[in-house]
Amino acid sequence: MATETFDKQKTIDLRKKHVGPSCKVFFNHDPIKIVRARGQYMYNEKDERYLDCINNVAHVGHCHPDVVKAGAEQMELLNTNSRFLHDNLVLFAQRLQATLPEKLSVCYFVNSGSEANDLALRLAWQYTGHKDIITLDNAYHGHVSSLIDISPYKFHQMAGAKQSQHVHVALSPDIYRGKYREDHPDPANAYADNVKDIIDKAHEKGHTIAAFIAESLQSCGGQVIPPMGYFQKVAQHVRKAGGICIADEVQVGFGRVGTHFWAFQLQGEDFVPDIVTMGKPIGNGHPMSCVITTREVAEGFMSSGMEYFNTFGGNPVSCAIGLAVLDVIEKEDLQGNALRVGGYLTQLLDNLKERHPLVGDVRGHGLFVGVELVRDRQKRTPATAEAQDVIYRLKEQRILLSADGPHRNVLKFKPPMCFSREDAELAVEKIDQILADLEKALGLHMPEVTISENGHSTRKEPIEENGHIHPSNVSSHKHSTFPHSTKSNNRLRT
């Protein structure tokens, strides 16, 4: 516990004085001072409660008593490095491996998602003997130098930054805003062919592919759900070129998607990555992470002759905490909760889409859901300012949500896994009110619906022209508001 408590302004002043200016806070115009948390709720210095819709680190709930107890009890006994034998390390490795396909059997324990992804690159380089990495547009994989190089989400922001000649950026497999959309006959193949083209061009220049790396579901990229079959086809191209596939599960693993424990499993049993990285939720806020790979890749890494040692990775306290997190996920059926509550949340948000022209798309799995806001549904014009307005107005009502994606117009739901139906109802009710206010100020209205001779509905979609709203006739199928009215054949959904 801190020995001294400052008033909020004093905390702000000391942070400005002693903490690097590039270390930003949420809601920087009026940041929140959080002093305690429990479950899906956080409390400020006035003991006002905030509903946390964004914290996928506190996976099983903030300060879960079982996790706290496991860490405290082990800390009283022993905390040392993994060069000494300890049962916690092997028990945790065994438990993690049991959640994965059999071939993913070798663990390396580290301390953050960035460390995990950096080590995954080292494994790929050593095993393949190749150098080049293929990443996705808008991807973010971590803050260390090797990962900034493969994170367009970051390096596009850097003044004067040049993309490494050994890094190739593939199209994000976004079927709402990307090059190949939901009306494309085979977006999975089309996006995978873009990766093949990258490989062919790299080979023409004498380059060789070490790895393709992607989040199983893109998070910072805007809650992007790849079309079914995409990763299988990419893996065929990459492995044919002598490379391997890395699935970054740092944001989306540990049951968050509801139907599966790992998000890469959404693609089907015929896709198994060569390396899986995990972080954030693995320790429920305790700094720990893991890389799991095949025996072949691990032995290839060992062939370099360099020992791998990590001072804190896999220490007894971290492993005790990791085991407790797995126990809570199972005991409280949090994967099942993600499926049930996430499905209900998506249903409520789909209903919002029926009433609000600002809502362009609702997409996600389990408790990983994105709501893309647009000024014009036909043009899909990003509603960036409106998305920021939504999250700030929600904050005033003590609901914490964030916006991300390349245009910062996608509202991101990734709450603690104990999030309830009542929490979903509260959040969506407040968003409903805020969108109504914004649309009234913008002069946006839902189009009229008439039934055409062929039984389909005809909507007069509002479009913006010279600052005014004018209708244009657009024919569309009438959507049901219950359940999942925006589901398309190419998108994986809960």
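User: In which sense do strand β11 and β12 pair?

Analyst: This is a predicted model, in which local features need pLDDT of at least 70, side-chain atom pairs count only at pLDDT 80 or more, and totals for chains, interfaces and linings use all residues. Residues are numbered from 1 along each chain as its sequence is written, and side-chain values use heavy atoms, with hydrogens and water left out. Strands are DSSP runs of E with at least two residues, helices are runs of H or I with at least four, and both are numbered from the N terminus; two strands pair if DSSP finds at least two bridges between them. Six bridges link β11 (residues 359-365) with β12, V359 stands opposite L373, and the sense of the pairing is antiparallel.

User: Which residue in the turn between β11 and β12 has a positive phi?

Analyst: The two strands form a hairpin with two residues between them. The positive phi in this turn, about 55°, belongs to G366.

User: Which residue of β16 is the bridge partner of V371?

Analyst: Strand β16 (residues 410-413) runs antiparallel to β12 and is joined to it by four bridges. Within this pairing, V371 has as its bridge partner L411.

User: How many residues lie between β12 and β13 in their hairpin?

Analyst: Strand β13 (residues 381-382) pairs with β12 in the antiparallel sense over two bridges, and V374 stands opposite P382. In the turn, R380 has a positive phi of about 55°. The number of residues between the two strands is four.

User: How many residues of β12 are buried?

Analyst: Buried means under 20% relative accessible area, exposed means over 50%, and partly exposed lies in between, with a 1.4 Å probe and protein chains only. Strand β12 (residues 368-376) is mostly covered. Of its nine residues, the number buried is eight.

User: Why is one side of β1 and of β14 left without a neighbour in the sheet?

Analyst: Four strands form an open sheet with mixed pairing, in the order β1-β2-β3-β14. Both β1 (34-38) and β14 (399-400) stand at the edges, so one side of each has no neighbour in the sheet; the reason is that each has a single partner strand.

User: Which residue of β14 stands opposite L51?

Analyst: Strand β3 (residues 49-52) pairs with β14 in the parallel sense over two bridges. Opposite L51 stands I399.

User: Is A58 buried or exposed?

Analyst: A58 lies in the loop between β3 and α2 (65-77). Leaving aside neighbours within four places in sequence, A58 is in contact (heavy atoms within 4.5 Å) with N284 and P416. Because its relative accessibility is 4%, A58 counts as buried.

User: What distance separates the C-alpha atoms of A58 and P281?

Analyst: Along the chain, A58 and P281 are 223 residues apart. The separation of their C-alpha atoms is 6.3 Å.

User: At roughly what angle do the axes of α3 and α10 cross?

Analyst: Axes are lines fitted to C-alpha atoms, for helices over the stretch in contact, and angles run from 0 to 180 degrees between N-to-C directions. Among the contacting residues are F92 in α3 and L323 in α10. The axes of helix α3 (residues 87-97) and helix α10 (residues 316-331) come within 8 Å, and they cross at roughly 35°.
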